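Visitor: I'm new here and would like to know where the labels come from. Could you show me the structure and then walk me through it?

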Amino acid sequence: MMKSLLTTFLWAACALSASATDYYVSPAGAGTKDGSSWENAWDLATFQDRASESNSGTSFANDDNVYFAGGKYACASTIWVRWGVQFHGSTGAERTVFTGDTDDDGTADRDRLIRVVTRLNDDRFVTIDNIDFEKYTLNQPSSLTINNYVITNGVGVICINECSATVTIRNCHFSDIANSGNGGGAILARTANLVVDDCSFRNISASSRGAVMRLTSGSNNKGVTTINNCLFEDCAVTTNAAAGLVMLQHGETLTINNSVFKNNTSAGNGGAIYCGKSESSYKRELIINNTLMYNNTAVSGAAVFWGDVSNRSVTYTNCLIDQDNNSNTNIVPAINITNVGVGTYYISAPFTMPVGLVGKTISSETAGVLTIGTTYDAGDDVPAGTALYVEGNDGKYYPELNLSNASAAPTNLLKGSDVAETTTGDGKHYKLANGESGLGFYYAEAGGAAFMNKAHRAYLVLGGSEARSFVSFENEAASVKGLQNSGTKRSGKFIENGRIVMMKNGIKYNVVGQKL
């Protein structure tokens, strides 16, 4: 049974029901359409009937799994979740897409889609993964009554209300969502604990109160939200009001890890995050780790805005936070150089190469040998989105941003991302390593398959059908120049004058153990 690691752990910890059932859905259905297998999958209409407001409470039970085949699902009515149900989209080449364009004319036709209302039961864990949501126009009224509670000023494509257990949204992509009302275009979470992993949010707008995500609560011990490895790009708040792409209106803690907020606009305050005014009932603690917020614009607080600066609780670790309304924190994720004297780096913002480092692109590959392309010495400006192979002494180096640099990145076989993600591109995928054949790029997975790359690291993609598990540099001695000089006492393995050299206690040896 397919379950996320988090859901599986919580299942064991909380002793959820052992009578879970798997259901299968495809756009057109198959066979008897009883949902028991892919060969007899429900069609969309049958699934929607089972998941309707009146039927969802009796159709499903805790820890049931609903699997959706790849393809488009133009839902004509709202999907209700009243138990701890897990929705799993396709993990194959064809994504599972829930679209608001019901007649396939390129225009959004409907608004609300998924309502998670589990009535504050702590054992009802909900997961939505591998599903994309696109083309929704939220023309909802200013309020909506759910379970006798009136939600005002905004209802999202996914609305979570009174869900004490954790709701996890993972590997979902939200795009082209316009909300004429206030807040939560993609996600609205009230009195809920929420985890959002590996998701992207693009071209989403609302008038105010969290254009993408609105976090609110009716209880001072609920409202813990964690955002991991997510991208917020080209989104907008359209009026000069309480704003932010993500609004921590009420709640305990908002933690953001390894994420990127860039090229977003706000006609109000808070180009990325808005924290509401202080109230004794809500802690409103903000923790941001290894996250970029840049090229966002707002009336005040292009990155983070606090409604009450006298009682702010915020922690930044290894972040680029450009124009916080309370501090000018400007810490760019570090370039990490190993004890072999090399590393890789990627950041989508332009920066100046730090003193002590040399960065290089890779322009071409011939017969398993790489050619160095553009070289950036200390003090040189590096264009945004330039993936680099970097040389220097081991340690951490913090670049300075140069946001005025509008130069285009050079032609480059190296790629990277601001967040940890699976490598992309046609061809074989390699990561930098100092392996059996010396320093170079090696398969990270068998056959050069895609692999999970760390945030702000570069990787190599080579086209062609010929399988080479290792590629080296055109001039190995030149490409690692200065990494280890003859006076060093450091132990380790490196390449010198085109050969592998072992250093131990300041003495050099060749690969068979002979002193050099």
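Guide: Let's start with strand β39 (residues 414-416), which pairs with β44 in the antiparallel sense over 3 bridges. Keep in mind that this is a predicted model, where local features need pLDDT of at least 70, side-chain atom pairs count only at pLDDT 80 or more, and totals for chains, interfaces and linings use all residues. Residues are numbered from 1 along each chain as its sequence is written, and side-chain values use heavy atoms, with hydrogens and water left out.

Visitor: What makes β39 and β44 a pair?

Guide: Two strands pair if DSSP finds at least two bridges between them. Here there are 3 bridges, so the pair qualifies. In one spot, Lys-415 stands opposite Tyr-459 in β44.

Visitor: And what makes β44 a strand?

Guide: Strands are DSSP runs of E with at least two residues, numbered from the N terminus, while helices are runs of H or I with at least four. β44 covers residues 458-462, so it passes. Strand β41 (residues 428-435) also pairs with β44, antiparallel and over 3 bridges, and His-429 has Val-461 as its bridge partner there.

Visitor: Why is β44 called mostly covered?

Guide: Buried means under 20% relative accessible area, exposed over 50%, and partly exposed in between (1.4 Å probe, protein chains only). In β44, 5 of its 5 residues are buried. Ala-458, Leu-460 and Leu-462 lie on one side, with Tyr-459 and Val-461 on the other.

Visitor: Why do the residues of a strand split into two sides like that?

Guide: In a regular strand, side chains alternate between the two faces of the sheet. Strand β17 (residues 224-228) has a covered face, Thr-225 and Ile-227, and an uncovered one, Val-224, Thr-226 and Asn-228.

Visitor: Which strands pair with β17?

Guide: Strand β14 (residues 187-197) runs parallel to β17 over 4 bridges, with Val-196 opposite Ile-227. Strand β21 (residues 253-257) is parallel to β17 too, joined by 5 bridges, and Thr-226 stands opposite Thr-255 there.

Visitor: Back to β44: what is the order of its sheet?

Guide: This open sheet of 9 strands runs β31-β36-β33-β34-β45-β42-β41-β44-β39, with mixed pairing.

Visitor: What makes β31 and β39 edge strands?

Guide: β31 (342-345) and β39 each have a single partner strand, so one side of each is left without a neighbour in the sheet. Further in, strand β33 (residues 357-366) and strand β36 (residues 388-392) run antiparallel, joined by 4 bridges, and Val-358 stands opposite Glu-391.

Visitor: How do you know that Gln-86 is buried?

Guide: Gln-86 has 1% relative accessibility, so it counts as buried. This residue lies in strand β5 (residues 86-88).
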